[in-house]
Structures are given as structure tokens and as C-alpha cells.
Amino acid sequence: MDFDLPPEHASFRDAVRELAQDVALPVAAEVDRDHRFPEEAVSAAAEAGLMGVVIPREYGGAGLDALAFTLCIDELAQACASTSVIIDVHTSVGSEPILLFGTDEQKRRWLPRLASGELLGAFALTEPAAGSDAASLQTSARRHGDGYVLNGTKVFITNIGRAGLYVVFARTGPEERAAGVSAFLVPAETPGVRIGQMFKKMGLNGSPTGELVLEDVVVPVANRLAAEGQGFTVAMRALDSGRIGISGQALGIGQAAVDEATALLRARSREQGDDFTLADMATRLESARLLAYNAAWLCTAGRPFTRSASIAKLHCTDTTMQVALDALQLAGEEGAVSGSRFERHVRDAKALQIYEGSNQVQRVVIARDLFR
Amino acid sequence: MDFDFSEDQVAIRETIRELVQDRVAPRAAEIDEKAEYPKDIERLFAENGILGIPFPEEYGGISGSSVTICMGIEEIAKACATSSLILAVQALGSYPILVAGSEEQKKRLCPPLASGEKVAAYALSETGSGSDAAAMKTRAKRHGNEYVLNGTKQFITGGSIAGTLVVFAQTDPEANHKGISAFVLERDTSPWQASKLEHKLGIRGSPTAQLVFEDVKVPAANRLGEEGEGFKLALAVLDRSRPGIGAQALGIAEGAFDYALNYARERKQFDQPITSFQGIQFMFADMATQIEAARHLVYMAATKVDTKAAGLTKTAAMAKLFASDMAMKVTTDCVQILGGYGYISDYPVERMMRDAKITQIYEGTNQIQRVVIARALLK
């Protein structure tokens with residue numbers, strides 16, 4: 001057994017840390033307060049080649065593995081959780097589907113532009129009436145001449161309005177539920193693609209979230225990803241990877257909370273109760289970290305990793321929610337004041353227990369695997 | 001990065017699994033009910049080289065790797081927590097010799113332990129000094145080429161049956177923790193009395209003894225390290241043994257989990273197996289998640305022992321804390337899943353819950369673990 005980060009991974013992580021601390025951290029509070037897109041952080045990330053961490057070099061990416069990606073998102077989240085989710089979604093669910101399921105032509109056409117950050121990616125699965133029950137989605141993709149016509153509404157889409165390319169899941173039918181779903185690559189400028197309502201959220205305020213409305217959107221066959229009826233497989237495989245990324249994001253928020261709480265306690269006189277709270281926070285975060293690394297390691301090794309990814313997502317996000325709350329409690333009044341990092345971490349952490357499969361869905365996935 | 005056991009470790013694990021399934025598991029309920037030390041299982045482990053796992057080959061053993069020791073403890077604990085202590089305490093009693101013993105001492109004292117000819121025990125705690133171990137009162141006075149020991153030790157696992165006992169005693173009471181020294185007592189030459197055996201909530205087959213030393217003579221050649229180095233040694237030993245308790249807790253939890261899972265698959269209520277109820281599914285998902293998290297922490301700590309990596313003290317404490325708290329919760333939830341059947345002793349999960357409790361208490365209570373972790377974080 002070997003739990004050490006390989007040297008190249010450690011150096012990569014250090015490089016991302018420097019960028020995150022220099023560019024993303026200084027704007028994090030403002031991004032949160034003003035609900036603004038962290039332009040400078042995302043641009044800096046793009047310049048540093050961080051928009052294509054897992055995309056192979058032949059398509060202009062960094063050609064790194066799932067562990068490197070987890071470390072990258074972790075470091076970004078330590079500085080600014082909004083920045084980290086923008087880049088995480090762009091990569092794991094916005095770009096990886098093309099890498100995993102695209103034809104050579106589709107990969108050549110889209111991956112370089114995503115890897116460079118020229119295009120921001122997004123993933124449009126959820127609908128107003130289809131969240132946890134994603135397979136009940138109703139957005140339709142009717143066969144029409146040489147392509148499809150898409151109609152429907154997607155909701156809670158991260159990177160809405162900024163994305164240049166959306167991976168959209170729609171029903172080609174006639175089979176019901178998962179079997180009738182197909183996946184499409186929809187460029188943002190396609191006629192009929194409209195941004196609907198934008199949502200103000202509790203946290204991750206710099207990450208734009210909103211409705212994607214599709215009104216008679218014509219999509220050529222060349223933009224369908226994988227075969228008709230394979231869309232749900234694409235979505236589920238994308239979410240397996242996505243869960244590793246979200247685990248990384250959770251670790252980052254949690255680590256920031258632990259580090260800041262530690263600094264707080266060092267600077268003041270302490271009671272044993274506070275020491276015990278900190279010890280529990282650090283212990284639980286460490287237990288979560290290894291789950292994330294394990295899922296990433298299995299994924300890279302080509303071994304089954306669905307259960308491990310769900311376990312990692314569940315534990316990392318529940319742990320970080322509690323860690324953020326504990327850190328806020330330690331910070332007391334100072335932590336509860338608007339603009340304090342402590343209260344921002346709590347608001348940011350909550351989302352992670354909900355998206356990319358709520359933690360109730362994660363439990364369903366894990367139990368299903370246990371009982372088979 | 002590698003989360004797999006080596007091929008050699010997998011082979012050892014298979015051997016242990018077979019032995020446990022055939023010879024240990026069928027005895028577990030009886031060991032608990034009668035609160036009898038399973039001497040037969042001790043002999044079985046000795047004959048099959050299991051008690052040699054804590055020792056490197058050069059001292060008559062087969063490994064010495066902490067990862068392998070933990071793996072062995074985990075496997076046995078799945079079936080019987082009492083039996084897992086036989087290996088865990090053999091390791092605990094060997095660490096002081098392996099860490100601080102001279103070459104002569106290691107070559108003399110280790111082989112009979114590695115072969116299982118003798119079992120080891122470790123005597124630190126007293127009635128007045130548990131968490132505050134440095135406040136011990138057992139005294140060792142030097143007279144020429146030997147020391148004379150006087151005092152009492154409390155809650156010593158295997159103290160009544162051990163052939164080789166590591167004892168910590170004050171050689172210089174004025175110097176507080178810097179006045180403590182470590183000694184190896186061999187029963188034939190330095191006999192001690194076991195004055196009381198405790199009746200316990202769990203690990204009932206493990207003899208937990210009060211030991212009395214009345215003018216017990218120990219040759220100076222059996223002192224480990226220099227006078228005054230005993231406390232430092234005790235802490236170094238705990239860094240190595242805590243992952244083992246984490247592994248024991250992990251095994252207890254896994255045994256309970258596996259049992260409850262099989263039960264839930266079969267048990268029907270409202271015309272369906274109870275695994276079809278989301279409330280039950282969620283309990284299993286949470287237990288599996290916590291077990292998985294504990295496993296990685298335990299083996300990361302064990303790996304740090306083997307590689308002498310930085311940060312061992314903190315990691316070992318985290319592994320013991322997390323795994324034991326997890327095991328208490330998981331075993332309690334498994335009793336819950338079995339409902340009424342979980343509460344009666346015809347079914348093993350209530351024993352597993354009783355067995356889990358001690359892992360939150362010994363080798364440093366979980367409150368002490370938090371003190372250790374906080375100290376490491378805040379220094």
C-alpha cells in the first residue's frame with residue numbers, strides 16, 4: 001500500500017495552489033457578495049492549462065489523470081468554491097462525455113476548444129419535474145431530416161449563459177424512461193437556445209445557475225453523442241466522474257475551514273472543547289480525503305468505481321458541511337458576519353450535498369450496489 | 001498511490017480467513033458466553049505462524065509489517081474480537097522490544113514470542129493512572145545488577161497468562177515522566193501475581209487482570225533502553241499499536257455489517273425483504289461509507305508505521321479515533337436492523353456491539369486521541 005502523492009502530482013497540486021491563492025482567493029469574497037463570475041480566476045486557469053486537465057495532449061489538454069483533477073479542484077475550492085465548480089463542471093460533465101463517447105471527428109472538433117478554455121462546457125440533464133428522477137426527463141428530440149429538433153426546458157444548469165457548448169439529454173423515444181434518452185452537443189449560439197430564469201442562490205454565488213430553454217433547436221446528427229438510446233449511459237458515466245470532482249471541491253472547502261479555524265484557535269486562549277472540535281473536524285476531513293483519492297485511483301485504473309465515487313461524494317460533502325458549520329461555531333459572532341469566510345463556507349458547502357445526485361440518491365446508488 | 005495489499009499480504013489474508021472461518025467463528029459465541037480464554041485458538045494461531053506476524057524474519061517472525069499485522073487483526077476481529085486481541089496484544093507486547101531493545105535483547109526475547117511459545121502482555125495503567133499514565137506509582141529500585149519492582153497494575157490484557165510482560169515503572173519518582181523506565185519480565189525468573197480478573201461488558205474471553213508486584217526481581221539486562229526513557233518508549237509504542245486497535249474496530253464493524261446485510265436480504269416484512277425499504281437502504285449505505293473511510297485511515301496509519309513517515313502520531317490517533325467511533329455506531333445500527341433478534345444473544349450482533357465499546361476506551365481513550373490530534377494541529 002502507498003498513500004503518498006506521486007511527486008508529479010504533488011508538484012502539480014502546488015502549482016495550482018499558487019494560482020488559486022494568488023488569483024482566486026483575493027476576489028472570492030467579492031465574487032460571493034456581488035454574485036459575479038470570477039473572470040480573472042477562470043482566465044488565469046485557462047492560461048495555465050487547467051481547463052483541460054483530463055483531456056489528452058493530442059487534443060490540447062494536460063493529459064493528466066483523475067487524481068490530478070481532484071487535487072486541482074480541491075486547491076481551487078480552498079480559494080474560491082465558485083471558481084472550482086465552474087471549472088469542475090466544465091471538465092468532468094461538460095467535456096468528459098465527448099472524450100469518453102465521442103467519435104474521432106467530434107473529439108477533434110470540440111475538445112481542443114474546451115481544453116483551451118475558449119469554450120466553457122456545461123451539462124443539461126435536470127428539468128423542473130425531473131431531478132433525482134432524471135430518467136423521467138421530457139425534453140424531446142424529434143427526428144427531422146438530417147438531424148433532430150429539440151424542445152424543452154432544463155433547470156439548475158451550472159455555467160448557464162457563459163457556456164459555449166451544452167451537453168443536452170433529450171428523449172428520442174419511443175422507449176420510456178432511461179432507454180429512450182439520447183445525448184446531444186448543442187452550441188450556445190444555435191437558434192432557439194435561450195437562457196431562461198437565472199437563479200440567485202444561497203451560496204456558490206459566482207457560479208451562474210439558471211434555466212436553459214430549447215425552442216425548436218435544430219441539431220445535426222453529427223452532434224449526437226453515442227447512439228440513440230445511449231444518452232442515459234452517457235449521463236450516468238459522466239456523473240461517476242463528476243462525483244470525484246465534487247469530492248475534490250468538498251475537500252477544498254473543508255480544508256479552508258479547518259485551516260482558518262486552526263489559525264483562529266492558535267491566536268486565542270482555548271478550552272478543551274474547542275480543541276476537541278478541531279480534532280474531530282481534521283479527522284473527518286482526512287477520512288474523506290482518502291475516499292476521494294481511492295475513487296480517483298480506481299477510475300484511472302479502469303476498475304469499477306461507481307460505488308466508490310458515490311461513497312466519496314456522500315462522505316466528502318456531508319463531512320464538509322459539518323466541518324464548515326463547526327468552523328463557523330468556533331468563529332462565533334465574527335464568523336457569522338456577512339463577508340466572513342466562515343459563513344461563506346457554510347453557504348457554499350450546502351450545494352454540494354444536493355447537486356450531481358443528492359446525497360439521498362448517493363445512498364440509493366450505494367445500497368443498490370451493496371444488495372446486488 | 002496504491003490501495004491494494006501486496007500479493008504476499010493477500011496470501012496471508014487467505015490463510016487467516018480460512019482458519020477464522022473454520023476454527024474461530026464457530027467458537028466466538030461460546031467464548032463470550034463462558035468468558036473463557038480461548039487457549040485452543042491461541043495454540044492454533046501459534047501453530048499457523050500468526051503470532052509470528054509482528055516479528056521480522058531475523059527475530060524468528062514472518063513479517064513485522066504494521067499493514068500485515070492490521071490486516072490479520074481485522075480479519076480475526078470480523079468473527080471474534082476476543083481472538084483478535086491475541087494477535088493485537090502479541091504485537092503490543094513486542095513493540096517495546098523491537099523499538100527500544102538491544103540486538104541481544106531482541107535475539108533473546110523475540111523468538112519465543114514469534115513462535116507463540118510464550119504470549120506477551122503490556123503493563124502501563126494503574127488504578128490511579130489511566131489517561132494520566134505518567135502519574136504511575138509502581139516503583140523499580142536498582143540493587144546491583146537487578147531491579148526490584150513493587151506496585152500494582154490495572155486492566156492488563158493477558159496479564160494473567162503472559163510469559164513475557166513489559167512493565168513500566170518509576171526508577172526516579174522526582175523526575176516525573178522522565179523518571180519512568182521499561183522492563184521485560186519473564187514469568188519463570190520474575191513471577192508476578194494476577195490478583196483479580198475483571199468481568200467485562202465485552203471482549204469477555206480476554207483475561208483482563210490486576211497485577212501485583214511484590215519485591216519482584218528483574219535483571220538489569222531486561223531493562224529496555226536507558227533509565228528514564230520508558231515514557232518516551234510508551235508513546236512510541238502507542239503510535240504503532242493504535243492502528244491495530246483501529247483495525248480491530250474495523251473488523252468488528254465489518255463482521256456486524258456482513259451479518260446484518262445477510263439478515264436484511266432474507267427478512268421479509270410487509271411482503272418484501274426489508275432491503276426494499278429506503279430507511280434500511282440508507283442505513284446500510286451510511287455504514288458502508290463509514291467503514292470504507294475508516295479502512296483507508298487505518299491502513300494509511302499502518303503504512304506510516306512501516307515507512308517511518310512524518311506525522312505518524314497524528315495519523316495513528318485519527319485512525320484509532322475514527323475507526324472506533326465508527327464501530328460503535330455501526331454495531332449499534334446493526335443491532336437495530338435485526339430488531340428484536342438483534343437484542344438477544346442467539347444472534348451475534350449484540351456481542352459485537354458490546355465488543356466495540358472497548359475500542360473507544362483502551363490504548364488511549366478517544367478523548368486522549370483528540371488531545372493528541374489537537375496538539376499536533378495547533379503546535
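Leaving aside its neighbours within four places in sequence, with which residues is B:Val298 in contact?

**View 1. Surroundings of B:Val298 in the predicted model.** In this predicted model, and with neighbours within four places in sequence set aside, B:Val298 is in contact with B:Cys70, B:Pro243, B:Gly246, B:Ala247, B:Leu250, B:Ala319 and B:Ala323. B:Val298 is also, together with A:Phe184 and B:Leu297, one of the residues with the most contacts inside the largest nonpolar core, a set of 254 residues. The largest share of this core, 16 residues, is contributed by α9(B).

**View 2. Helix α9 of chain B and the residue that follows.** Helix α9 of chain B covers residues 312-338, and its 27 residues should span 39 Å at 1.5 Å a residue, which agrees with the 38 Å that separates its end C-alpha atoms. Because 23 of these 27 residues are buried, α9(B) is largely enclosed by the rest of the structure. Just after α9(B), the backbone at B:Gly339 takes a positive phi of about 60 degrees.

**View 3. The contact between chain A and chain B.** Here 33 residues of chain A are in contact with 32 residues of chain B. On the side of chain A that touches chain B, at least two residues are supplied by each of α7 (231-266), α8 (272-300), α9 (306-336) and α11 (359-371) of chain A. It is α8(A) that gives the most to this side, with 15 residues. Sorted by class, the side of chain A that touches chain B has 22 nonpolar, five polar and six charged residues. For the prediction as a whole, the model scores are ipTM 0.93 and pTM 0.95.

**View 4. Chain A as the setting for the close-ups.** The secondary structure of chain A comes to 11 helices and eight strands. Its radius of gyration is 20 Å, close to the 21 Å that the globule rule gives for 372 residues, so chain A is as compact as a globular protein of that length. Along its principal axes, the C-alpha trace of chain A spans about 75 × 45 × 40 Å, and buried residues make up 56% of the 372 residues. Of the contacts in chain A between residues at least 6 apart in sequence, 75% join residues at least 24 apart.

**View 5. Chain B as the setting for the close-ups.** In chain B, the secondary structure comes to 12 helices and 10 strands. The radius of gyration of chain B is 21 Å, close to the 21 Å that the globule rule gives for 379 residues, so this chain is as compact as a globular protein of that length. The C-alpha trace of chain B spans about 80 × 45 × 40 Å along its principal axes, and 55% of the 379 residues are buried. Among contacts in chain B between residues at least 6 apart in sequence, 73% join residues at least 24 apart. Chain B averages a pLDDT of 97, with 100% of the residues scoring at least 70.

Technical notes
Residues are numbered from 1 along each chain as its sequence is written. Chains are lettered from A and ligands numbered from 1 in the order in which they are written. This is a predicted model: local features need pLDDT of at least 70, side-chain atom pairs count only at pLDDT 80 or more; totals for chains, interfaces and linings use all residues. Helices (H or I, at least four residues) and strands (E, at least two) are DSSP runs, numbered from the N terminus. The radius of gyration is taken over C-alpha atoms; the globule rule is 2.2 Å times the number of residues to the power 0.38. A residue is buried if 20 or more other C-beta atoms lie within 10 Å of its own, exposed if 12 or fewer, and partly exposed in between; C-beta atoms are placed from the backbone. Two residues are in contact if their C-beta atoms, placed from the backbone, lie within 7 Å. The expected span of a helix is 1.5 Å times one less than its number of residues. Ala, Val, Leu, Ile, Met, Phe, Trp, Tyr, Cys and Pro count as nonpolar, Asp, Glu, Lys and Arg as charged, and the others, Gly among them, as polar. A nonpolar core is a set of buried Ala, Val, Leu, Ile, Met, Phe, Trp, Tyr and Cys residues joined through C-beta atoms within 7 Å. pLDDT is the predictor's confidence in each residue, from 0 to 100.
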